[in-house]
Amino acid sequence: MINLDAKIPQGKLAEKWTNYKENQKLVSPNNKRKLDIIVIGTGLAGASAAASLAEMGFNVKVFCYQDSPRRAHSIAAQGGINAAKNYQNDGDSTYRLYYDTIKGGDYRSRESNVFRLAEVSANIIDQSVAQGVPFGREYGGTLANRSFGGVLVSRTFYARGATGQQLLLGAYSGLNRQIALGKVESFPRTEMMDVVVIDGRARGVVVRNLITGKVSSHFGHAVAIGSGGYGNVFFLSTNAMGSNGSAIWKAYKKGAAFANPAFVQIHPTAIPQHGDYQSKLTLMSESLRNDGRIWVPNKLEDAEAIRLGQKKPADIADDDRDFYLERRYPAFGNLVPRDVAARAAKERCDKGYGIENNATKEGVFLDFKYAIDRLGQKTIEERYGNLFQMYEKITGDNPYETPMKIYPAVHYTMGGLWVDYELQSTLPGLFIIGEANFSDHGANRLGASALMQGLADGYFVLPYTIQNYLADQFDVKRISTDSDEFKAAENSVKAHINRLMNVKGKKSVDSFHRDLGKIMWDKVGMARTATKLKEAIEEIKILKKEFWENVEIPGDTNTINVELEKANRVADFLELGELMARDALNREESCGGHYREEYQTPEGEALRRDDEFMYVAAWEYTGDEKEPILNKEKLVFEETEVKVRNYKTAK
Amino acid sequence: MKGFLSSSIGKKLLMSLSGLFLIVFLLVHLGVNLTMLFDPIDGTVYNKAANFMGTNPIMKVMEPLLALGFFLHILYGIIVQLNNWKARGSSKYAVVDQKDSSTWASRNMIWLGVFVFTFLIVHIINYYAVLKFGQPPSTHVDGVEMHNTFKLVSDLFEIWWYDLIYIIGFIALGLHLHHAFWSAFQTLGLNNKIWRRRLEIIGDIYTIVVVAGFTIIPLYFLIF
Amino acid sequence: MSDKNINIKLKVWRQNGPNDAGRFDNYEMNEIPTAASFLEMMDMLNEKLLGEGKEPISFDHDCREGICGACSMFINGRAHGPDNAVTTCQLHMRKFKDGDTITIEPWRAKAFPVIKDLMVDRYSLDLIQQAGGYVSVNTGSAPDANSMPIHKDIAEEAFDAAACIGCGACVATCKNGSAMLFVGAKVSHLALLPQGKIEAKERAQKMLAKMDELGFGSCSNTGACEVECPKEVSISFIARLNREYLVANLKD
């Protein structure tokens, strides 16, 4: 068993972060120069952390698999970023943002971490504006806000439909400044292959240059991983093609516990799947739910006729439309949280009301007719023009004239490596930031909170907390990468690569990945049961065995080899997928994005079981063929009233 | 300003300024030429204007400036083009489709420039060199002896193939100007989304006036 | 939408490495659904090549939703192919007809050397950014975000410039291999905003000097870049860059 001491500071909830900062150890400026930090990933968390740490005087090395740090997948976030600024004078506050987040996460996150997130949220907006992020503005020149699912205030800042892009370009510009100053060394097209552990501490990484195939290692007094989520375990997701769970999976195998792997967010508004050849799912921003109304026909024969192309959506009279979110959740209507909206869509489609003509008949309408009638096409164009254009490019349909078709898709993983209050994993010296850790979103993430968390971790949390660790490390001499420990780590990576190459099978990596994705979606997806989860575990084991006997990787190791890159990631996904199913099986309750069919209220809502499951499930690796050990961090809510999530009435 | 003129924008600035100077020169030249049509029989007005342009002290200063303008425009045109070819890289696209993304003229400014330059040489040999160094016909206007430039020009304009070369030269110049005019302002930074269209229209009006103005004269002499 | 299947012929540039001369290989693809994206068609081709024991085609791609800027490809003579305001990953097969021959080439420019097949090295764009594409503000030193009101139109215009995804289509398209649209967008985005004005002069000078140094060409205002730009970044930002640069040098 490992020690899951969260190191929550003393004091009242609102004073913890201040107390922490006032009492933590700091590193003096002349000693910072002696300390090296490795950052994996250049999304919002990684780029902002690397830039901030370098500004403070640390020597930073930053790695990403993309050809430029700016291409990390944070760039694709559309809708916005939350912050408790209360610029709209609608009663927002740090407490309210904290409360919405912890409630939205179904009370499966750590109180103190979430409060700190809400506390630093306002600074993120200040920082980003100072960098030149062109947020949307009012005519008077002040910042504009929009509202997002699951909350009753407008606290979301946005830059048209490309907020993630603009925030990432801001963090990337800070990173560039430090690269130019020589404080950050950047390694694009370089993938982390393993964490190097020396005397029980993370002391570096082994990486592979994706162009030359060269395996090398780098020393760091500490390592921070901000490699994002593992949604691609489902093959089809809104993640980028290269997004992967390998960095955190390798860290897990080196001793970092993996927390709540089953907590996956299925986003309600993506474009439905259209064929087997499909490579990814495209998200349509949640902000669309501000003005779009979601519906399916309320007659089965109408749904059938639409699927067959015999009827158009416009042929269905208003009375024959089932605005099921407005019907079921009158207080929040189309703006219920993501997990609720996603499940409701699945419920309708399972009953046969789906409108998309695909194999699974899965799709619902998101209709802007009503908003256009009310506000005029021009206003809608201003608000969502680029999203509408993107939709039309992909589907060939014009959403001004006909409703969009949408369906839930895997989007975000709330689970990730376990971290304490300092964002340190159970492997000393290894820090986990952004989507890669588990800490802030519990069982469900609210819209516009991912960007907030990534930047909070990178700009305002890690740069403080990592000092508490490094304060007594400055006299630790840099360990040569020629040392035995590093060479051994490199050799084990090379052996792993050779093992993959030597399979010389007949089946492509993608087809294994697709098969895994299908198991995950069908059995570890939106509606889970003990039976299906057990089947999934067995099926994944069989698939994993087949993978290691029959995967085809052509080409060489000492050059670009995309199939090898993918195989390395899929090999990890096969193991991670099994852990996800195991975690989902263990959690005998429904909460947030984790929905066990056995645990629902008579009305079909999620049934949480606080008495037994109010804990973080932190899995500990024990060996390749051995079962992982479950460790539990009990969640204590000192200052928060724990309620049943209810989006039917405005409470 | 260190290194300014060797920067890509600095070089383009020189092309832009020299080009605008030449654009003004063309208007003055056109003004003088058009006087041929005022009295197309003996050309007294034109000869007076040409004499004024040839003897006036301001023009003595302007002449080398004009030469400098041509020189800089051509020199930098070549320098920039050579660098741009280099920047394109050694391997070429097998298929390039730019018919919808840019005008033919804008992509072929160097070749239009070369063509106009060739025409300029012919032009200098036919007129400027004759007037400066040769033995042009002379005439008396108001008791003053001066070159009979009118006769020199109008005689040539009565040859049909000469007119053809002359007109083709101006069409090439017109295509060059069609892109050059607004482009000069763009390079100077005197452009934005609103003025782009306006400058293009002003440029096209200017181009039409210059091309039509210059070509109408030989046509007149050919026809009448 | 009426989706059907089409048969196409592909002429794809294959190049083993930076020093290989490269060549075109021909492939035939049958029964391609027109609802598929162009890159999904490439995936199918690669899957087919794998099945035949051949090496798949290398190309850059990542987000597949038109924002990361990784995908490139010069398709039938146009950057990102025969559609406006899209990246290659957003291009769909319904833009092609049954029986079409599609020529696929890598971005070509001196500053974008080919790494392999359709994959090119665009790190030069990062180097330009590193030269000055930022506001020098340290984490934690920012004033309240609303302390500096910015006119809505200015913020919108800054966004128009900031929309650039750094894909390099402008360079690939430009007959001069120039990165002026990229630099223009970056310089304008920050020059328009009050927080970026302080360093505007040095920024324009440093970024342009870096662009020149890296072997990009100069702008001759053909405007092809803005037509091929997936984010429709306007060449009015090149005019702004020219202006910023001239003013910067006049002040020196």
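**View 1. Chains A and B, between which no contact is found.** The model is predicted, so local features need pLDDT of at least 70 and side-chain atom pairs count only at pLDDT 80 or more, whereas totals for chains, interfaces and linings use all residues. Residues are numbered from 1 along each chain as its sequence is written, and chains are lettered from A and ligands numbered from 1 in the order in which they are written.

**View 2. The side of chain C that touches chain B.** Here 41 residues of chain C meet 37 residues of chain B. Two or more residues each come from β5 (101-105), α7 (200-213), α8 (224-228) and α9 (236-251) of chain C; helices (H or I, at least four residues) and strands (E, at least two) are DSSP runs, numbered from the N terminus. The greatest share belongs to α9(C), with nine residues. By class, this side of chain C has 19 polar, twelve nonpolar and ten charged residues. Ala, Val, Leu, Ile, Met, Phe, Trp, Tyr, Cys and Pro count as nonpolar, Asp, Glu, Lys and Arg as charged, and the others, Gly among them, as polar.

**View 3. Domain 1 and domain 2 of chain C.** Chain C is divided into domain 1 (5-116) and domain 2 (123-251), with bounds from an automatic or database domain assignment. Their C-alpha centres lie 29 Å apart. The contact takes 19 residues from domain 1 and 17 residues from domain 2 of chain C. On the domain 1 side, ten residues are nonpolar, six polar and three charged.

Notes: Two residues are in contact if their C-beta atoms, placed from the backbone, lie within 7 Å.
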